[in-house]
Amino acid sequence: MIHDTHRLDAEVRLRPAVLGDAASLADSLTRSRAYMQPWEPVRSDTFYTEQGQRERLAGRLADREAGRVMPWVIVDAEDRAIGEFTLSNIVLGPFCSAVLGYWVDVTYAGRGLATAAVQRICTVASDELRLHRVEAGTVLDNVASQRVLTKCGFEAFGTAPRYLHINGEWRDHRLFQRILHDSPPAS
């Protein structure tokens, strides 16, 4: 189910994001700031505060209620958010597609958690949202994220020049997609 919790390893779970995740997201983002800097937009200091995360989450949760976004967090054994996974720009009808974005706390990177979470989210996207495809993009030198996508069945389908403003400049991105199924759109 879209609102369930899924175990990724012995101590980490994937679950829907809630407003109460703001403090732990702020802590995790602050801890991971330098690590993620090469792949992230320049953010204001407010973004890394509990209030900044509360405001951002409130917007995402409103978008979830409207069916435009599905935000999840991965949480540790104490239910503290240590990563975030989002299906955004959800479009139904003949397109049946969404865009995937994600990050994992620096202290949990390299453990296979992103791969496990992306696999689970693709299952939800296919079986519950009935999406035809999921798309993701990475800056050209984000090899770790590209490896996650490839392990999860995504295929590169192009390069978008100057696609997003990342780390202070317009950066080219490699675009990936995973075709989930070829069933017709729900009517």
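## Two helices that cross

A crossing of two helices is called left-handed if the near helix is turned anticlockwise from the far one by less than a right angle, and right-handed if clockwise. By that definition, α1 and α2 make a right-handed crossing. Helices here are DSSP runs of H or I with at least four residues, strands are runs of E with at least two, and both are numbered from the N terminus.

Before we go on, please note that this is a predicted model, in which local features need pLDDT of at least 70, side-chain atom pairs count only at pLDDT 80 or more, and totals for chains, interfaces and linings use all residues. Residues are numbered from 1 along each chain as its sequence is written, and side-chain values use heavy atoms, leaving out hydrogens and water.

Back to the helices: α1 (residues 22-36) packs against α2 (residues 50-65) at an angle of about 115°, and their axes are 8 Å apart. Axes are lines fitted to C-alpha atoms, for helices over the stretch in contact, with angles from 0 to 180 degrees between N-to-C directions.

Now look for the strands. An open sheet of 8 strands runs in the order β1-β2-β3-β4-β5-β6-β8-β7, with mixed pairing. At its edges are β1 (6-7) and β7 (155-166), each pairing on one side only. Two strands count as paired if DSSP finds at least two bridges between them.

Follow β3 and you will find an antiparallel neighbour, β2 (residues 13-16), joined to it by 4 bridges; here Arg13 stands opposite Val75. β3 also pairs with β4, again antiparallel, over 6 bridges, and Met70 has Leu87 as its bridge partner in β4. β3 and β4 form a hairpin with 5 residues between them, and Asp79 in the turn has a positive phi of about 65°. By contrast, β5 and β6 are parallel, with 3 bridges, and Val99 faces Glu135 in β6.

## What lies buried

Which strand is largely enclosed by the rest of the structure? It is β3, because 6 of its 6 residues are buried. Buried means under 20% relative accessible area, exposed over 50%, and partly exposed in between (1.4 Å probe, protein chains only). Met70, Trp72 and Ile74 cover one side of β3, and Pro71, Val73 and Val75 the other.

A nonpolar core is a set of buried Ala, Val, Leu, Ile, Met, Phe, Trp, Tyr and Cys residues joined through side-chain atoms within 4.5 Å. The largest one here has 33 residues, and those with the most contacts inside it are Ile74, Phe85, Leu87, Leu100, Val118 and Phe154. Its largest share, 8 residues, comes from α3. Apart from it lies another core, of 12 residues, including Leu29, Leu57, Ala81 and Trp103.
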